[in-house]
Amino acid sequence: MINNDKIKIENVNLYYGEFHALKNINMNVKEKEITAFIGPSGCGKSTLLKSLNRMNDLIEGVKINGKMLLDGIDIYKDMDPTMLRKRVGMVFQKPNPFPMSIYENVAYGPKTHGVKSKSKLDEIVEQSLRSAAMWDEVKDRLKKSALGLSGGQQQRLCIARAFSVNPEVILLDEPTSALDPISTMKIEDLLVDIKKNYTIIIVTHNMQQATRISDKTGFFLHGEVVEFDETEKLFSMPKNKKTEDYITGRFG
Amino acid sequence: MESTRKSHFNEKFMQAIFFLSALASVIAVVAICLFLLIRGVPAIGEIGFMKFIFNESWKPTNTPPSYGILSMIVGSLYVTGGAIAIGVPVGLMCAIFLAEFCPPAVYKIVKPAVNLLAGIPSIIYGFFGMEIVVPYVREYFGGNGFSVLSASLILGIMILPTIISISESSIRAIPYSYKEGSLGLGATKEETVFKVIVPAAKSGILTSIILGVGRAVGETMAVVMVAGNAVMPIDKIRLLKPIRTLTTNIVTEMSYASGLHESSLIATGVVLFVFIIILNTALSLIKAKSLRN
Ligand SMILES: Nc1ncnc2c1ncn2[C@@H]1O[C@H](COP(=O)(O)OP(=O)(O)OP(=O)(O)O)[C@@H](O)[C@H]1O
Ligand SMILES: [Mg+2]
């Protein structure tokens, strides 16, 4: 099976003021695959992830150069950020449901993109919650506050919320780091299940997680991508000594 | 040994200081309540509760006198309502602007201005109202200028700092993650602010409005200088006509009242006090509710 390149990253450098956070990144992310980013804290994984849907625009003093292409279109030059973010959704490390009802959380995205009809919204809400494997859990309490859900449920709600605007790519930044093993497993199963329809990039500190679910893995260190390869290859026979040290836990 | 005994003494001493300080405010509240209860409530009994509250005829110097304050109750509600109608939209928009859209250079000017507004004594507001607002209202809207409208305008300005600073800080207290969540779905900054951030800050915003109402209901000096203070029959109250509120009723007659007339003014204070208690109860309900969420 040959998938197309969904995202191309070409010679990207990113600076927070003077600080050089991403150094000459090159990477191709294939459609309908799961790509994992691993690496020690502070190496730039979240930074790269956020720059893929321009969430870095919110931070003052960020400079970015090089090219990031979504389906061949430069997302910094030729795309409106709101349009980009509709196509490239994001799930954050800490579950961040809005302080509204479960229903309103999922309906929020489609509403901002102009869906008005109640029946259409109902349909999107149900569909998104089903895709996030939580429809049965919450279908009787859609009007209840999302803040009353457990951490794991909140995170799956955030995933459902990301689905609601029908994105093509979903970025997840350590989505399970605050969750218990069972909730983590549910989300992993979910990601594997949905990758037939979505391109997924996930940042994780959990290397077993990367091996369990991802097709490709990129190892980051000090703002550089040290190695980017098929997950199986990267973990079984890393080409780079630093990768090897990191995945065998000899890093330090 | 010596030093532990000393620190033990210090601790006891500080506890006593804290306790006395806490006691001071309790004593003050109790003393005021007792004053109102002892000097005001019997007057309500003497006049008759219904006649006091639901009668609009206030003629304390007539024979026989009549002590109905309904017109003043309605007057207080009118000017407070007017202050809310003016102060809440302006204050809220200003708070949203300061918290979310204001360039730092502008913030450096607007924020201290708002703080200064909070510190201006009410007599100055009254003077400003009398010299500037009243003639303006007279010229552009009609009437003699001393009116519900003038009082509402001045009170609307006076409650701005309360509404702005409390709303602004409650908007700022909304976690950044909500904003990220909304923008991450492709919402614009404006949509994010008005559909996620402001609703999330609603208990703080409501608190600011209630505190603003409290200030408007209780304000005396500025109102007495711009409201005209005529006791109006309720069906004659108009935006451009003078008005008398609970507070201005007390301050205009206090100096010469005696006997039941004087007590009836204190009883007017009791009614005012009940208003404030209702507002405080509303505040604690909001706090309790937002804690539960
Ligand atoms: N807003 C910012 N301003 C300045 N420096 C930043 C900012 N955000 C991140 N950095 C710096 O950029 C580097 C990369 O940060 P990033 O958050 O991408 O790391 P990470 O790989 O996601 O780490 P972690 O695994 O701890 O989440 C770090 O050195 C960090 O201190
Ligand atoms: Mg990170």
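How many bridges join strand S1 of chain A to S2(A)? Select residues 5–16, strand S1 of chain A, in this predicted model. Eight bridges join S1 to S2(A), and the two strands run antiparallel. To see one of the pairs, pick Asp5(A): its bridge partner in S2(A) is Lys30(A).

Next, show the rest of the sheet. Four strands of chain A make up an open sheet, ordered S2-S1-S4-S5, with antiparallel pairing. Its edge strands are S2 (19–30) and S5 (73–74) of chain A, each of which pairs on one side only. Strands of a sheet pair through backbone hydrogen bonds, so display backbone atoms here.

Now select ligand 1 and the residues around it. The ligand is surrounded by 13 residues, and the closest are Ser41(A), Lys45(A), Ser46(A), Thr47(A) and His205(A). By class, this shell contains five nonpolar, six polar and two charged residues.

Colour helix H1 (45–51) of chain A and strand S2: each supplies at least two residues of the shell around ligand 1. H1(A) gives the most, with three residues.

Then turn to the side chains that approach oxygen atoms of ligand 1.

- Thr47(A): an N or O atom of its side chain is 2.4 Å from an oxygen atom of the ligand.
- Lys45(A): here the distance from a side-chain N or O atom to a ligand oxygen is 2.7 Å.
- Glu174(A): a polar side-chain atom lies 3.4 Å from an oxygen atom of ligand 1.

Finally, switch to a surface view of the ligand. Ligand 1 taken alone exposes 630 Å², of which the protein buries 64%.

How values were computed: Residues numbered from 1 in each chain as written. Chains lettered and ligands numbered in written order. Predicted model: local features only at pLDDT ≥ 70, side-chain atom pairs only at ≥ 80, totals over all residues. Heavy atoms only, no water. Pairing = 2+ DSSP bridges. Near = heavy atom within 4 Å. Polar contact = N/O pair within 3.5 Å; in protein donor to acceptor, adjacent residues only side chain to side chain. Areas by Shrake-Rupley, 256 points an atom, 1.4 Å probe, with all protein chains shown as cover. Nonpolar A, V, L, I, M, F, W, Y, C, P; charged D, E, K, R; others polar.
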